[in-house]
Amino acid sequence: MDVNTNLVLMQYFENAKDLKPGEFVLLREGRVVDPLIRGIFDADCPATIKISDDQEIFEGDILVYPK
C-alpha cells in the first residue's frame, strides 16, 4: 500500500464511527468511496468476499476490513 493510500485510511479511521462486523471500506484511486461495502467472507474460500449484486467493485478497488 502506498503512502498516500495509507494516509487516507488513517484519516478515515480516526474520524469514522465504529464499523459494524462485515463492513468494508472501499478505496478507489486513493480515496474512500461511500457507502461502505457490506459483505461476508466465504467459508469455503477465506480469500473470497460475498457482497450483494447492487454494490459495484471495479478492478483496482481496494476493500479494507478493519479488525
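Tutor: Glu23 sits in strand β1. A strand here is a DSSP run of E with at least two residues, numbered from the N terminus; helices are runs of H or I with at least four. The model is predicted, so local features need pLDDT of at least 70 and side-chain atom pairs count only at pLDDT 80 or more, while totals for chains, interfaces and linings use all residues. Residues are numbered from 1 along each chain as its sequence is written, and side-chain values use heavy atoms, with hydrogens and water left out.

Is Glu23 buried or exposed? Its relative accessibility is 7%, so Glu23 counts as buried. Buried means under 20% relative accessible area, exposed means over 50%, and partly exposed lies in between (1.4 Å probe, protein chains only).

Now its surroundings. Setting aside neighbours within four places in sequence, Glu23 is in contact with Leu36, Ile37, Arg38, Val64, Tyr65 and Pro66. Contact means heavy atoms within 4.5 Å.

Glu23 belongs to β1 (residues 23-28) and Arg38 to β2 (residues 31-41), so the bridge ties together parts 15 residues apart in sequence. A salt bridge is a side-chain nitrogen of Lys or Arg within 4 Å of a carboxyl oxygen of Asp or Glu. Arg38 itself is exposed, at 54% relative accessible area, whereas Glu23 is buried.

By this rule, there are four salt bridges. Among them is the one between Asp61 and Arg28, at 2.8 Å from N to O. Asp61 lies in the loop between β3 (49-51) and β4 (62-64), and Arg28 is in β1, so this pair ties together parts 33 residues apart in sequence. Asp61 is buried at 16% relative accessible area. Arg28 counts as partly exposed, at 21%. Another of the salt bridges joins the side chains of Glu29 and Arg31, at 3.6 Å from N to O. Both Glu29 and Arg31 are exposed.

Arg28 leads on to Val33. Val33 is in strand β2. Beyond its neighbours within four places in sequence, Val33 is in contact with Leu26 and Arg28. Val33 is partly exposed, at 21% relative accessibility. From Val33 to Asp54 is 21 residues in sequence and 15 Å in space, C-alpha to C-alpha.

Finally, step back to the sheet. Strands of a sheet pair through backbone hydrogen bonds, either parallel or antiparallel. Here, four strands form an open sheet in the order β3-β2-β1-β4, with antiparallel pairing. At the edges are β3 and β4, each pairing on one side only. Neighbouring strands are turned by 50° against each other on average, direction ignored. Axes are lines fitted to C-alpha atoms, for helices over the stretch in contact, and angles run from 0 to 180 degrees between N-to-C directions. Two strands pair if DSSP finds at least two bridges between them. The antiparallel strands β2 and β3 are joined by three bridges. Gly39 has its bridge partner in β3, namely Ile51.
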